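User: I'm new to this and would like to learn how to read a protein model. Could you take me through it feature by feature?

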Amino acid sequence: MRYAHIIGWGCHLPERVLTNDDLARVVDTSHEWIYTRTGIRQRRVAGVRETTTSLAFEAAVRALTVAGILASQIDLIIVATSTPEAMFPSTACRVQDRLGARKAGAFDLSAACSGFVYALSMASQAIATGSIRHALVIGAETMSRVLDWRDRGTCILFGDGAGAVVLQGSDVPGGLLAYELRSDGSGGDLLKLPAANGNPMPFLGPEYYNQHKQQTNTLSMNGRQVFRFATQVVGSSIQEVLERAGLTMADVDLIIPHQANTRIIETAAKKLKVPPEKFFTNLDRLGNTSAASIPIALCEAAEAGRLKPDNNIVFVGFGGGLTWATAVIKWNVTRPEISPMMSNWRRLLFSLSRVNSWARRLGRRLGALFGGSFTPEARLKDADKWKIHQDE
Ligand code: UT7
């Protein structure tokens, strides 16, 4: 049995900032209401050219750089997301291609805001059995594209971004110590996002909505009920996982919760009888980035020096499904020094893998052109020939 350690982390946020005052120009709300009810001051929103894949890719590049490993060493990529560009190809496959992670299996995981903890535990299990050595686990979202910008109960909450970690198998005890994954589908209608039904997903920010006045696949939520569910499960799930790991609250150095609402975090702190400072928060600046919120917060906590070797860190996610998930890890790494030359060298490698990907696509097209096409038209022609033979 091997141990799955986090050896690299990275996050990426869109540049565009949307403040509460900006939102007050779109829906009937105010900075005062949003800040006092949620703790959110502003959030980031993806630009026209940014996608869930591009955010995930940037976070992954940073995580690989901190881990000091090459994309070709990655065995598995899991992207937790509720806002993929397509049902398939998965965001994970798109990231795999852009990274040039040619030996990696890749898939998306759908567990809403609990997705990152689900993905982390799946990848850790694969490492623990010895079937893989390195995994890249990403949480990435472009929530701004699935919001109903008329609904002040939801559009004020969410933001865009991505966070990633690299896991490595090792015989050194530590890494993921215990986890718990839970669900209650009977509460599925409390927080939902219908499938895109083949609609392209353009930039659906407030301006887009004002221009087009149509949106088919938008998120809806019964905020009060979800709030109640979250405050019921967060504390008890943390306690159960600590018990599994043979730890108590006193052994925990930092809790990184899903960043949904400051009041949920304060209620959990009260229930667990710990000071709120034991919870890392960044939702005042980033809002709720769904599956991306925990890895982004982890990345910011690591960069801020809040994680020290031998620290016990708890992740707790909750959201649509309903789902909730908690994991406790022992942190074993210190941030390595990364020279700008090394970063540039890595960037060059990723650019080369893009060229490689284009060349492969071109090769396929040329192959189809000169070696017999597998296009729908060609298949129809084949079908016609087949029919003629049968008629004969
Ligand atoms: O990531 C997935 C997990 N998601 C969550 O954890 C979200 C959990 N829920 C929440 O964070 C909170 O329920 C919200 C922040 C969404 C809402 O806060 P609330 O204190 O539960 O408000 P509410 O829905 O009970 O609404 C109270 C009042 C209503 O007006 P009336 O009916 O009392 O006249 C709402 O219409 O506040 C009104 N309201 C607003 N007013 C100004 C709702 N949204 C807004 C708004 N600005 N943005």
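Analyst: Helices (H or I, at least four residues) and strands (E, at least two) are themselves DSSP runs, numbered from the N terminus. For instance, isoleucine 313 has isoleucine 329 in S13 as its bridge partner. Keep in mind that this is a predicted model, where local features need pLDDT of at least 70 and side-chain atom pairs count only at pLDDT 80 or more, while totals for chains, interfaces and linings use all residues. Residue numbers start from 1 along each chain as its sequence is written.

User: How many bridges join strand S12 to S13, and which way do they run?

Analyst: Strand S12 (residues 312–319) and S13 are joined by 8 bridges and run antiparallel. The two form a hairpin with 3 residues between them, and glycine 321 in the turn has a positive phi of about 140 degrees. Strand S8 (residues 175–183) is also joined to S13 by 8 bridges, again antiparallel. There, leucine 181 stands opposite alanine 325 in S13.

User: Is strand S13 mostly covered or uncovered?

Analyst: For that you count neighbours: a residue is buried if 20 or more other C-beta atoms lie within 10 Å of its own, exposed if 12 or fewer, and partly exposed in between, with C-beta atoms placed from the backbone. S13 (residues 323–330) is mostly covered, as 8 of its 8 residues are buried. On one side you find Thr323, Ala325, Ala327 and Ile329, and on the other Trp324, Thr326, Val328 and Lys330. Over the chain's 392 residues, 47% count as buried.

User: Why does glutamine 239 count as partly exposed?

Analyst: Glutamine 239 is partly exposed because 15 other C-beta atoms lie within 10 Å. This residue lies in helix H7. Glutamine 239 is also 87 residues from threonine 326 in sequence, with 9.5 Å between them in space, C-alpha to C-alpha.

User: What is the strand order in the open sheet?

Analyst: Its 5 strands come in the order S1-S7-S6-S4-S5, and the pairing is mixed. Strand S1 (3–12) and strand S5 (105–109) are the edge strands, each pairing on one side only. Strand S4 (residues 76–80) and S5 run parallel, joined by 5 bridges. In that pair, isoleucine 77 has alanine 106 of S5 as its bridge partner.

User: How do helix H4 and helix H11 cross?

Analyst: Think of axes as lines fitted to C-alpha atoms, for helices over the stretch in contact; angles run from 0 to 180 degrees between N-to-C directions. The axes of H4 (residues 91–99) and H11 (residues 340–371) come within 7 Å and cross at roughly 110 degrees. That makes H4 roughly perpendicular to H11. The cut-offs are under 35 degrees for roughly parallel, over 145 for roughly antiparallel, 65 to 115 for roughly perpendicular, and oblique for the rest.

User: Which residues make the contact between H4 and H11?

Analyst: Two residues are in contact if their C-beta atoms, placed from the backbone, lie within 7 Å. Here H4 brings Asp97, Arg98 and Leu99, and H11 brings Phe350, Ser353, Arg354 and Ser357.

User: Last one: which residues come nearest to the ligand?

Analyst: A residue is near a molecule if its C-beta atom, placed from the backbone, lies within 6 Å of it. Of the 22 residues around the ligand, Thr29, Gly223, Ala260, Asn261 and Gly319 come nearest. H7 gives the largest share of this shell, 5 residues.

Notes: Pairing = 2+ DSSP bridges.
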